[in-house]
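Let's walk through this model together, starting at its surface and then moving along the chain. Keep the viewer open as you read.

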Amino acid sequence: MRSCILLWQYIKRGAIFIKTVIIIWWKNRKDFATLRRAINLGERMLSSKKIIWIDEDDFSKVSVFILAKNIQTARSISRLCRCGLGQDALTSLRVMFEGLVNFKYMHVDKRRARDYIDFD
(Lines give C-alpha, C1' and ligand atoms only; values in the text may rest on other atoms or scores of the structure.)
Protein backbone atom coordinates (compact mmCIF):
# COMPACT_ATOMS: atom_id res chain seq x y z
CA MET A 1 0.00 0.00 0.00
CA ARG A 2 2.80 2.39 0.93
CA SER A 3 4.54 1.80 -2.41
CA CYS A 4 1.31 2.68 -4.27
CA ILE A 5 1.07 5.96 -2.37
CA LEU A 6 4.70 6.80 -3.12
CA LEU A 7 4.19 5.92 -6.78
CA TRP A 8 1.10 8.11 -6.94
CA GLN A 9 3.00 11.06 -5.36
CA TYR A 10 5.84 10.58 -7.84
CA ILE A 11 3.42 10.60 -10.78
CA LYS A 12 1.61 13.64 -9.39
CA ARG A 13 4.88 15.59 -8.99
CA GLY A 14 5.91 14.65 -12.52
CA ALA A 15 2.57 15.82 -13.90
CA ILE A 16 2.86 19.14 -12.05
CA PHE A 17 6.39 19.60 -13.41
CA ILE A 18 5.30 18.88 -17.00
CA LYS A 19 2.31 21.22 -16.62
CA THR A 20 4.60 23.99 -15.31
CA VAL A 21 7.03 23.57 -18.21
CA ILE A 22 4.19 23.71 -20.73
CA ILE A 23 2.74 26.84 -19.11
CA ILE A 24 6.15 28.57 -19.10
CA TRP A 25 6.77 27.58 -22.70
CA TRP A 26 3.30 28.72 -23.82
CA LYS A 27 3.43 32.09 -22.06
CA ASN A 28 6.96 32.84 -23.33
CA ARG A 29 6.79 31.18 -26.77
CA LYS A 30 7.31 34.48 -28.61
CA ASP A 31 10.38 35.28 -26.50
CA PHE A 32 11.84 31.81 -27.08
CA ALA A 33 11.21 32.14 -30.82
CA THR A 34 12.93 35.54 -30.86
CA LEU A 35 15.84 34.12 -28.89
CA ARG A 36 16.20 31.20 -31.33
CA ARG A 37 16.11 33.59 -34.31
CA ALA A 38 18.75 35.80 -32.66
CA ILE A 39 21.01 32.80 -32.05
CA ASN A 40 20.60 31.60 -35.64
CA LEU A 41 21.26 35.09 -37.01
CA GLY A 42 24.37 35.48 -34.88
CA GLU A 43 25.68 32.08 -35.96
CA ARG A 44 25.13 32.97 -39.62
CA MET A 45 26.91 36.28 -39.13
CA LEU A 46 29.89 34.59 -37.49
CA SER A 47 30.12 31.86 -40.13
CA SER A 48 29.77 34.23 -43.08
CA LYS A 49 32.58 36.28 -44.52
CA LYS A 50 30.69 39.52 -43.89
CA ILE A 51 32.20 40.05 -40.45
CA ILE A 52 35.67 41.35 -41.05
CA TRP A 53 38.29 40.78 -38.42
CA ILE A 54 40.72 43.66 -38.81
CA ASP A 55 43.85 43.24 -36.74
CA GLU A 56 44.44 46.98 -36.53
CA ASP A 57 40.85 47.78 -35.50
CA ASP A 58 40.28 46.90 -31.86
CA PHE A 59 36.56 47.68 -32.07
CA SER A 60 35.96 45.00 -34.71
CA LYS A 61 37.71 42.42 -32.52
CA VAL A 62 35.63 43.37 -29.49
CA SER A 63 32.43 43.32 -31.58
CA VAL A 64 33.03 39.78 -32.78
CA PHE A 65 33.98 38.67 -29.27
CA ILE A 66 30.85 40.15 -27.67
CA LEU A 67 28.63 38.67 -30.39
CA ALA A 68 30.12 35.18 -29.95
CA LYS A 69 29.90 35.40 -26.16
CA ASN A 70 26.26 36.53 -26.24
CA ILE A 71 25.28 33.73 -28.63
CA GLN A 72 26.70 31.19 -26.20
CA THR A 73 25.01 32.89 -23.24
CA ALA A 74 21.69 32.98 -25.12
CA ARG A 75 21.95 29.23 -25.72
CA SER A 76 22.56 28.69 -22.02
CA ILE A 77 19.57 30.84 -21.09
CA SER A 78 17.35 28.97 -23.53
CA ARG A 79 18.45 25.60 -22.16
CA LEU A 80 17.93 26.70 -18.54
CA CYS A 81 14.44 27.96 -19.32
CA ARG A 82 13.53 24.76 -21.17
CA CYS A 83 14.60 22.78 -18.10
CA GLY A 84 12.41 24.88 -15.82
CA LEU A 85 15.29 26.82 -14.28
CA GLY A 86 14.36 30.24 -15.58
CA GLN A 87 15.23 31.97 -12.32
CA ASP A 88 18.82 30.73 -12.65
CA ALA A 89 18.98 32.34 -16.08
CA LEU A 90 18.65 35.83 -14.57
CA THR A 91 22.37 35.93 -13.79
CA SER A 92 23.20 35.14 -17.42
CA LEU A 93 20.78 37.84 -18.58
CA ARG A 94 22.59 40.31 -16.34
CA VAL A 95 25.92 39.30 -17.93
CA MET A 96 24.42 39.89 -21.40
CA PHE A 97 23.13 43.30 -20.29
CA GLU A 98 26.54 44.31 -18.95
CA GLY A 99 28.12 43.24 -22.25
CA LEU A 100 25.61 45.45 -24.08
CA VAL A 101 26.47 48.40 -21.85
CA ASN A 102 30.19 47.87 -22.49
CA PHE A 103 29.57 47.60 -26.23
CA LYS A 104 27.50 50.81 -26.28
CA TYR A 105 30.21 52.58 -24.28
CA MET A 106 32.85 51.55 -26.83
CA HIS A 107 30.59 52.31 -29.78
CA VAL A 108 30.41 55.98 -28.76
CA ASP A 109 34.20 56.32 -28.91
CA LYS A 110 35.89 53.47 -30.75
CA ARG A 111 39.25 54.20 -29.08
CA ARG A 112 37.79 52.91 -25.80
CA ALA A 113 38.00 49.39 -27.21
CA ARG A 114 41.76 49.52 -26.65
CA ASP A 115 41.13 50.13 -22.93
CA TYR A 116 38.74 47.16 -22.92
CA ILE A 117 41.38 44.89 -24.43
CA ASP A 118 44.28 46.23 -22.29
CA PHE A 119 42.48 46.42 -18.97
CA ASP A 120 45.66 45.79 -16.98
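Which residues gather in a patch of positive charge on the surface? They are Arg36, Arg37, Arg79 and Arg82. Helices α2 (29–47) and α3 (58–82) are the elements that give two or more residues to this patch. A patch here takes residues with over 30% relative accessible area and no salt bridge, and like charges are joined within 9 Å. Lys and Arg count as positive, Asp and Glu as negative, while His and the chain ends are not counted. The place of a charge is NZ of Lys, CZ of Arg, CG of Asp or CD of Glu.

Before going further, a word on the source: this is a predicted model, in which local features need pLDDT of at least 70 and side-chain atom pairs count only at pLDDT 80 or more, while totals for chains, interfaces and linings use all residues. Residues are numbered from 1 along each chain as its sequence is written, and side-chain values use heavy atoms, with hydrogens and water left out.

Now for the overall fold. The chain has five helices and zero strands, where helices (H or I, at least four residues) and strands (E, at least two) are DSSP runs numbered from the N terminus. Of the 120 residues in the chain, 18% are buried. Buried means under 20% relative accessible area, exposed means over 50%, and partly exposed lies in between; the areas come from the Shrake-Rupley method with a 1.4 Å probe, and only the protein chains shown count as cover.

Just after α3, Gly84 takes a positive phi of about 85°.

How many salt bridges are there? The count comes to two, taking a salt bridge as a side-chain nitrogen of Lys or Arg within 4 Å of a carboxyl oxygen of Asp or Glu. One joins Glu98 to Arg94, with the closest N and O atoms 2.9 Å apart. These two residues are separated by about one helical turn, because they lie four residues apart in helix α4 (residues 89–108). Glu98 is partly exposed, at 37% relative accessible area. Another salt bridge links the side chains of Arg111 and Asp109 at 3.3 Å, N to O. Here Arg111 is exposed, at 66%, whereas Asp109 is partly exposed, at 22%.

Definitions and conventions:
Patches are made of residues with over 30% relative accessible area and no salt bridge: like charges are joined within 9 Å, nonpolar side chains (Val, Leu, Ile, Met, Phe, Trp, Tyr) within 5 Å. Buried means under 20% relative accessible area, exposed over 50%, partly exposed in between (1.4 Å probe, protein chains only).
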